Amino acid sequence: MSGLGPQRELEEAAALERRRRRELLRRGRIFDPRIRTIGIDKDALDVQVKERKIKEAAEKAEHERFAHDMKKNDKLMCLLEERQKNEIKEMNRALNEFQKNFQGPETRREFDLNDPQALKKDRPARVSDDDPRCTISGMQKFVGEDLNYDQRMKFQKEQLREWSFQQQKDWKNALADQKLADDLYDKFRIELDRKIMEEQRREEESRRAVCTDTKNFNRIQFLCLLVLNFTLYGIEDFTYSDFLNGKPFSFYLSSSALPAAELDHKNKLEKAQKIKDDMAEITCLLRGDFLSENPDQAIGPWGKHNVLVNRWKGMNQEQLMAIREFQKEQALEKQRVREQERRRVAEWDRQRLQAARAQLLWERHQQRQNQVQRRDLDAVNAGLSQEQKAKNIYLKEQEYSNIPTEEFYAQFNTTTR
């Protein structure tokens, strides 16, 4: 441990000596008037000069390259200008040719003012009798003149001839159309008559067949009633041949006449049965779908959603009540929506008023804070102003009052640093 101290002191002394020697060399180099020029390092300047020359050589090479490129661009510009001149020349030539071929003087709007042949092309003072320029003061038309008589008569004759031909053609076309219409109507009537006759024949045959069937049915029914009556009255000596020969039923009743009370009873029974049948028919009609207006009869064959319009008698009480209930629900829903809208508007108004009140309070608070900050800032600025004034007075009266002497300037330029 005792040897480290002197060793360290020797190293520090050697380092100090090296710094002192470098400082002496630097002082001799800097303060030597042959090397130093107004305190400038010549080696550094030489290096700067060399670098400057290298830079100037590079700039010169760059300028030469730019000059070469400029020459090349100038040649290209010359070629492009020559081409543009040729194109302009060609366009002017085409334009002149187009103006010569398609834009002559006669196509101009004001050519009639400068036309050398204007007098030859001008209209004469009087063209015809109906020329509007022939006024009374012009003395170009007099009473009794008719210069266009021949042309007018020729035109009128030609017009009459055309009218006559047109009327004849229209008349022939009308006759042909009328004939065609008559033929079509005759064919239609013949066909209609044929269909009517065929329909009448079919209807007659159908009626005849119905009558034959009815006659046979009535005969069979009468035979059945006759047999029933014969059996009822105990008549057994009858034959179908007698009935077919025309022998009446009274022939069999002549020997055994029915009592009057039994006939009255029979008539009463028939009358009661007839009344009963009529009442049943009336009841059936009254209780039927047509008079009772049954709503089920308007239901179509494809379901309840399909309604037959010719049988529909209107909605029933259930449907009407359902519609009224739905309308009431709609009214209540509409009233509820209106109430919700009113509440929403009221809530928005309340929130808007609260926001406006809060904004007003915040603005007033901000104004008070701004006033306080303004007063504090004014106080700080006033203090800074007083300090600045005091500092200026101190600098003017004490700091800047001493005048530099030779001793002040002698302390400079004593070291190389």
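This is a predicted model: local features need pLDDT of at least 70, side-chain atom pairs count only at pLDDT 80 or more; totals for chains, interfaces and linings use all residues.

Me: Where is Glu191, and what does its side chain contact?

Reply: Glu191 belongs to helix α5, residues 149–232. Its side chain makes a polar contact with the side chain of Arg194, at 2.3 Å.

Me: How many salt bridges are there in the whole structure?

Reply: The general idea comes before the count. Side chains of opposite charge can pair when their charged atoms come close. Here, a search of the whole structure finds 24 salt bridges.

Me: Which residues in helix α5 show this, and how are they spaced?

Reply: Take Glu198 and Arg202. They are 4 residues apart in helix α5, so about one helical turn separates them. Glu198 is partly exposed, at 26% relative accessibility.
Now take Glu203 and Arg207. Their salt bridge is 3.0 Å, N to O. Being 4 residues apart in helix α5, Glu203 and Arg207 are also separated by about one helical turn. Glu203 is partly exposed at 43%. Arg207 is partly exposed at 40%.

Me: What does helix α9 show for Glu341 and Arg344?

Reply: Both residues lie in helix α9, 3 residues apart, about one turn of the helix. Glu341 has 39% relative accessibility and counts as partly exposed. Arg344 has 42% and counts as partly exposed.

Me: How do I read a pair of aromatic rings?

Reply: A pair of aromatic rings is described by the distance of the centres and the angle of the planes. In this structure the count comes to 1 aromatic pair. The ring centres of Phe98 and Phe102 are 5.1 Å apart and their planes are at 35°, so the pair is tilted. Both residues lie in helix α2, residues 42–102. They are 4 residues apart, about one turn of the helix.

Me: Where is Asp115, and is Asp115 buried or exposed?

Reply: Asp115 sits in the loop between α3 (111–114) and α4 (118–121). Its relative accessible area is 14%, so Asp115 is buried. A polar contact of 3.3 Å joins its side chain to that of Lys121.

Me: Which residues form a nonpolar patch on the surface?

Reply: Val307, Trp312, Met315 and Ile323 do, with about 360 Å² of accessible area together. Met315 lies in the loop between β2 (303–307) and α9 (317–397). At 39% relative accessibility, Met315 counts as partly exposed.

Me: Now the whole chain. How many helices and strands are there?

Reply: The chain has 10 helices and 2 strands. Along the sequence the pattern is α-α-α-α-α-α-α-α-β-β-α-α. Of its 417 residues, 5% count as buried. The accessible surface comes to about 38,900 Å², and 57% of that belongs to carbon and sulfur atoms.

Key. Residues are numbered from 1 along each chain as its sequence is written. Side-chain values use heavy atoms; hydrogens and water are left out. Patches are made of residues with over 30% relative accessible area and no salt bridge: like charges are joined within 9 Å, nonpolar side chains (Val, Leu, Ile, Met, Phe, Trp, Tyr) within 5 Å. Accessible areas come from the Shrake-Rupley method with a 1.4 Å probe; for residues, only the protein chains shown count as cover. A salt bridge is a side-chain nitrogen of Lys or Arg within 4 Å of a carboxyl oxygen of Asp or Glu. Buried means under 20% relative accessible area, exposed over 50%, partly exposed in between (1.4 Å probe, protein chains only). Rings of Phe, Tyr and Trp (its six-membered ring) pair if their centres lie within 6.5 Å; planes under 30 degrees apart count as stacked, over 60 as edge-to-face and the rest as tilted. A polar contact is a pair of N or O atoms within 3.5 Å; within protein, one must be able to donate a hydrogen and the other to accept it, and residues adjacent in sequence count only if both atoms are side-chain atoms.
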